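Subject: Structure handover

Hello,

Here is the structure for you to look over. My notes follow below it.

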Amino acid sequence: MSAPSRHSLPPRMRMPSALAWVLMVTFAAFFLQGLYGAEVSVDRLLRGATNFVRFVSLAIPPDFARWETIGWAMLETLNIAVVGVTFGCLLSIPLALLAARNTAPNGVIRFVARQLIAIARTIPDLIWALIFVVAVGLGPLAGILAIIMDTVGFVARFYSERFEEVQKGPAEALTSTGAGRLSVIAGAILPESFASMTATSLYSVEKAIRSAVTLGLVGAGGIGVELSTAMRLFQYDQAAAIILVVLVAVIGFEQLSSSIRKRII
Amino acid sequence: MRMPDAAKPPVLRAHEIHVRFGALHVLRGVSFDLARGEGAVLLGANGCGKSTLLRTLNGLATVESGRVDLNGRTITDAPSRVLRAARRQLGYVFQHFNLVPQLSAHQNVLFGAMGQRRFGVLSVANAFARTEDRERAMQCLERVGLADRATHRPAELSGGQQQRVAIARMLMQAPQVVIADEPIASLDPKAGREVLELLWRIVEEEGLSLLCTLHQLDLAQEFGKRIIGMKAGRVVLDAASPGIDRADLDALYQGAVRVDAAPTPQEAAA
Ligand SMILES: Nc1ncnc2c1ncn2[C@@H]1O[C@H](COP(=O)(O)OP(=O)(O)OP(=O)(O)O)[C@@H](O)[C@H]1O
Ligand SMILES: [Mg+2]
């Protein structure tokens, strides 16, 4: 080994800044308060465990007697998801083009489009469903509208980020032929984004199926309505059947979509 | 400075062009004429403003002052309809080819006509394009020797082949002037020479004007009948090529060559 360097070694760790200290202490306080607020106690945990065992024992074996109703409700949930995502993705394309730096016509429009997407994303799907149940009444339409908003919030953001990553060159080449803005977008930017847009859209169907299940809990149609009824009437064996059906549908679609994605990318 | 040839009216004229990116004064009063059928090589060190100059010629970069005329018509600050009409006459060949990676060579060539057709991309998408256009794109590929690669995507072609597809796209566009920004800088010497020979041959056969930047002085003297030399945002040399002293070319690469290193006239005066 050579002689020690004449320069002093860099420190092993840097002292966290004052701001970092404040953040860490705040986090710790928040965490402890959360634990305290949940009133966690050995007693409650034990009682919870026995209740859970009771639920499981009542739920087994699952009761598929109402398989027809359950089947139709599951189909309705899938319908809500697919219709909602389709409209959501179609709406997301223009919105994302207006929101992406390289395709937006100007800064003002870009700002507005980004805010719209942010609003769609920030409000959770259940709250969208509650709003639309008030607006259009109970049933699948409210679910579809909620899924559309949820999809736009997620998909439009991904699309626009993808558009911004597209290489400039091909678009410049088409611009240089004298082509108009829309032609350049359709000829250079969309082909390059297509694979990742499809992957995002498929993923958003997966996400939408899961959220369409829960939307039923607030009356926005689909299998969630059946599930919440069964739970409320303590028919845990029927609830278990519904949960199993949901599980199979979600896992089945995830398999399907991941195999499609592999083929595209 | 070279005087414009009265017999040949300039097809492209740059007049006192200034371009600034923030504090950086990139083009500091650039003027030149390009006659119909004239082929010129633009030389200059890295960062002297060549690409910026070429980009102002078809409005990809905006000028601070000065103007560009195409066939006597000013395209600087022109309405977008006029600018697009001008771009159709200016075929651009890029260093990195700029083909759409997901599309076939044939489709990329068809896109050369995008600016000329009423419905833009719809008129030149393979699924909807007129048969004459599809055939002409095929002929353009034949002229660059790649008819057998029509269905290949750019990634399945070598760099030289990709640049030839880009040249076919330029042919499809049928411009009056070709602007080539370092068309062979990403190619090996052999492929580069082949592409340069192809480009010059097509330009001559079609009677086009050409403005081409290069970094190889030998090739510049071999191909360019005229050489325009830039240094730190200015044209410092503009002469017919046989007869230029090699020392004058070497001088383009010595001293303060980059615009971001050279003081502006105001700074120099202060
Ligand atoms: N869009 C831009 N924004 C800011 N600065 C830019 C921009 N384009 C070019 N420049 C700067 O302008 C100067 C000239 O760049 P330019 O690309 O025109 O040089 P060049 O002569 O083409 O060089 P090279 O031989 O490396 O291609 C450089 O300092 C560059 O950093
Ligand atoms: Mg350059």
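Is H7(A) largely enclosed by the rest of the structure or largely open, and why? It is largely enclosed, because 8 of its 9 residues are buried. Buried means under 20% relative accessible area, exposed means over 50%, and partly exposed is in between, with a 1.4 Å probe and protein chains only. Helices (H or I, at least four residues) and strands (E, at least two) are DSSP runs, numbered from the N terminus.

First, the ground rules. This is a predicted model: local features need pLDDT of at least 70, side-chain atom pairs count only at pLDDT 80 or more, and totals for chains, interfaces and linings use all residues. Residues are numbered from 1 along each chain as its sequence is written, chains are lettered from A and ligands numbered from 1 in the order written, and side-chain values use heavy atoms, with hydrogens and water left out.

**Helix H7 of chain A**

The buried residues of H7(A) include Gly169(A), Pro170(A), Glu172(A) and Leu174(A). Their cover includes H8 of chain A, and from chain B it includes H1, H2 (80-88), S6 (90-93) and H6 (159-173). Contact here means heavy atoms within 4.5 Å.

Look at Ser176(A), which sits in H7 (residues 168-176). Ser176(A) is buried, at a relative accessible area of 2%. A polar atom of its side chain lies 2.8 Å from the backbone oxygen of Glu172(A). Its side chain also makes a polar contact with the side chain of Asn58(B), at 3.3 Å. A polar contact is a pair of N or O atoms within 3.5 Å; within protein, one must be able to donate a hydrogen and the other to accept it, and residues adjacent in sequence count only if both atoms are side-chain atoms. Leaving out residues up to four places away in sequence, Ser176(A) touches Leu60(B), Arg87(B), Tyr92(B) and Gln173(B), among others. Just after H7(A), Gly178(A) has a positive phi of about 95°.

**Ligand 1**

The shell of ligand 1 has 16 residues, and the closest are Asn46(B), Gly47(B), Lys50(B), Ser51(B) and Thr52(B). A residue counts as near if one of its heavy atoms lies within 4 Å.

- Ser51(B), at 2.7 Å
- His215(B), at 3.0 Å
- Glu182(B), at 3.1 Å

The protein covers 63% of the 630 Å² of accessible area that ligand 1 has on its own. Areas come from the Shrake-Rupley method with a 1.4 Å probe; for residues, only the protein chains shown count as cover. S2 (24-35) and H1 (50-57) of chain B each give two or more residues to the shell. H1(B) gives the most, with 3.

**Nonpolar cores**

The largest nonpolar core has 112 residues, and Leu43(B), Leu141(B) and Leu214(B) touch the most other members. H8 (residues 181-215) of chain A gives the most to this core, with 12 residues. Another core, of 32 residues, lies apart from it and includes Val11(B) and Leu27(B). A nonpolar core is a set of buried Ala, Val, Leu, Ile, Met, Phe, Trp, Tyr and Cys residues joined through side-chain atoms within 4.5 Å.

**Annotated domain**

UniProt (unreviewed entry) places "domain: ABC transmembrane type-1" at residues 74-257 of chain A. UniProt positions follow the numbering used here, feature names are shortened, and annotations may be inferred rather than shown by experiment. That stretch is 85% helix and 0% strand, with its end C-alpha atoms 18 Å apart.

Best wishes
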